[in-house]
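Reader: Could we go through this structure together? I would like to begin with its salt bridges and then turn to the strands.

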Amino acid sequence: MAEASRWHRGGTPKHNLHYSKEVEIRTTLQELALYFIFLINLCILTFGMVNPHMYYLNKVMSSLFLDTSVPGDERTNFKSIRSITDFWKFMEGPLLEGLYWDEWYTNKTLYDLKNTSRIYYENILLGVPRVRQLKVRNNTCKVYSSLQSLMNECYDRYTSKNEDLADFGLKVETEWKYATPDSTSPWHWGFVGVYRNGGFIFTLSKSKSETKNKFINLQLNSWITRGTRVIFIDFSLYNANVNLFCIIRLVAEFPATGGIITSWQFYSVKLLRYVSYYDYIIASCEITFCIFLIVFTTQEAQKVREFKSAYFKSVWNWLELLLLVLCFVTVSFNIYCNIQIFLLLGDLLKNTEKYSDFYFLAYWHTYYNNIIAVTIFFAWIKIFKFISFNKTMSQLSSTLSCCIKDIVGFAIMFFIIFFAYAQLGFLVFGSQVDDFSTFQNAIFTQFRIVLGDFNFAGIQQANRILGPIYFITFIFFVFFVLLNMFLAIINDTYSEVKADYSIGRRPDFELGKMIKKSYNNALEKLRLKKPEEGEDEKSAKSGDLVERARREGFDENEIQSAKQMKKWKERLEKKYYSAEIQDDYQPVTQREFQELFLYAVELEKELHYVSLKLNRVMRKISTLQP
């Protein structure tokens, strides 16, 4: 965009532009209209990718596999698994019952079993599910010498260096033999570790009875050992009614401390992109998005060539570059996802007797959604670049730019106290309160305390003395003192900026005035509004006023003095109160000060003269009264 915000105190520096103000205004309006078209296109593109059925599909599947209780034990489900026994109960109960739907509720067969299971009668199970575990070797950690007589085995936390690659158990089937990881598959970030692909894998059967026998056999032969650190349960579904794939991963982590920590991932994605007519509209929006990206890139390249190093001194230009980078990343992700779907989807759908690894496609498709979400966020933020021409918005941006040094100084003081309290809370409550279990959790917990979301009972129960002291002092210093200091800095700076604007500091032009002027011109051309008076009409009216003053008895000296005062006033107003001011501040010279002083003296004379006339009139009125 043209460097129209050079009047702004914290904005783009002033440049000697080679085009007139009218061209600048026209360019700004054209760019604003073009950007609104781009923003509307981007909104259609992004919201067209999101389907409300995604939430409902995830909710239905999570309710089935996470909340369904083990038969005979209503308190045990996947979320509440805490032991290996509970894990096998889940595998043989809710998981088995949830995966195999081969009959209608009236026990009537609806379809041939070769078409696999249809969960909730609507969601086709693609291929067969897969169960995978990763283990660590024995003696990956050291036992203290005094305790070696009690324990001679030690299994450390999971890392790629500690991973156990040796076959174990029966060493016959694939579940007892190590499978090398695929280099293209993404790693999984769990609660207590980051896990790579591969491991000891077995796939379930299409028969429910065979799968149940498989679970019993694995349990009897101790497939889960002390070295087990994580088990993944992966399977994929497709719902043709809403054209959505649901990729599900259930994770059970076995930390070195013992017990089980469960987590899960449900990805509802639209891998078949172009099916309905609306999908082709989205495709046209994607093409339009690429055209806009080329146009905006060309414009920014021209600005860089024109302004060179001065281009990078504007915050708005950095926002432009960030938005362009995000757009290019979005296009790259889209192309990559479409290529992978084209190459892999057909093969995955053909192998109905094997596990179909849709997790890879869902993983990158989710990243694509995240990138485009960040892109549209900054695209909306860019609107402030245009509305900053408004007086109120310019005051806001000027306030932030003026108090940036004070805010930086305040931020240093704030975070010193904030991190001190975070470390105190982590060390005192970390072993007992979940919100302070890690230093990162302690930091975010304190931000929640500032917003009013806190668990005082847990803090008090962890330490009856330091808990209340920590809470009360944190609220006092951070909430009542520091935050009010921050608001005081903003308020004082805003008052100063508002005072500066009241004495003439204002933008070169305001977007609202430009739009209003263009609107009035359009109405005048359509003859829906009378045109404004020109200079000739104003001169004619001025002459009529002079003739009227002569008829009413004013002498020539008074008329000439009034005309001189009017011209003087118009000249000074045009000089000091016009929107044509190019600088933020113009020092008053000695000559200008003398002119202003004489103007004030003349005004005082005129007021004195008016006062004398009013007194004379009042005396005449008083004499006429009986």
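**Salt bridges and strands**

Author: Asp234 has 1% relative accessibility and therefore counts as buried, where buried means under 20% relative accessible area, exposed over 50% and partly exposed in between, with a 1.4 Å probe and protein chains only. This is a predicted model, in which local features need pLDDT of at least 70 and side-chain atom pairs count only at pLDDT 80 or more, while totals for chains, interfaces and linings use all residues. Residues are numbered from 1 along each chain as its sequence is written, and side-chain values use heavy atoms, with hydrogens and water left out.

Reader: Which side chain meets that of Asp234 in a salt bridge?

Author: The side chain of Arg249 does, at 2.6 Å from N to O. Asp234 lies in strand 6 and Arg249 in strand 7 (residues 244–253), so the pair ties together parts that are 15 residues apart in sequence. A salt bridge here is a side-chain nitrogen of Lys or Arg within 4 Å of a carboxyl oxygen of Asp or Glu. Helices (H or I, at least four residues) and strands (E, at least two) are DSSP runs, numbered from the N terminus.

Reader: Is Arg249 buried or exposed?

Author: Arg249 counts as buried, because its relative accessibility is 4%.

Reader: How many salt bridges does the structure hold?

Author: The structure holds 15. One of them joins Lys303 to Glu300, with the closest N and O atoms 3.4 Å apart. These two residues are three apart in helix 5 (residues 277–307), so about one helical turn separates them. Lys303 and Glu300 are both buried, and together with Glu31 they are linked in a network of salt bridges.

Reader: What about Asp453 and Arg448?

Author: They form a salt bridge whose closest N and O atoms are 3.3 Å apart. Asp453 is partly exposed at 41% relative accessibility, and Arg448 is partly exposed at 33%.

Reader: Turning to the strands, why is strand 2 largely enclosed?

Author: Twelve of the 13 residues of strand 2 (residues 123–135) are buried, so the rest of the structure largely encloses it.

Reader: How many bridges join strand 2 to strand 6?

Author: Nine bridges join them, and the two strands run antiparallel; strands pair if DSSP finds at least two bridges between them. Leu134 has Val230 in strand 6 as its bridge partner. Strand 2 is also joined to strand 5 (residues 200–203) by four bridges, again antiparallel, with Ile201 as the partner of Arg132.
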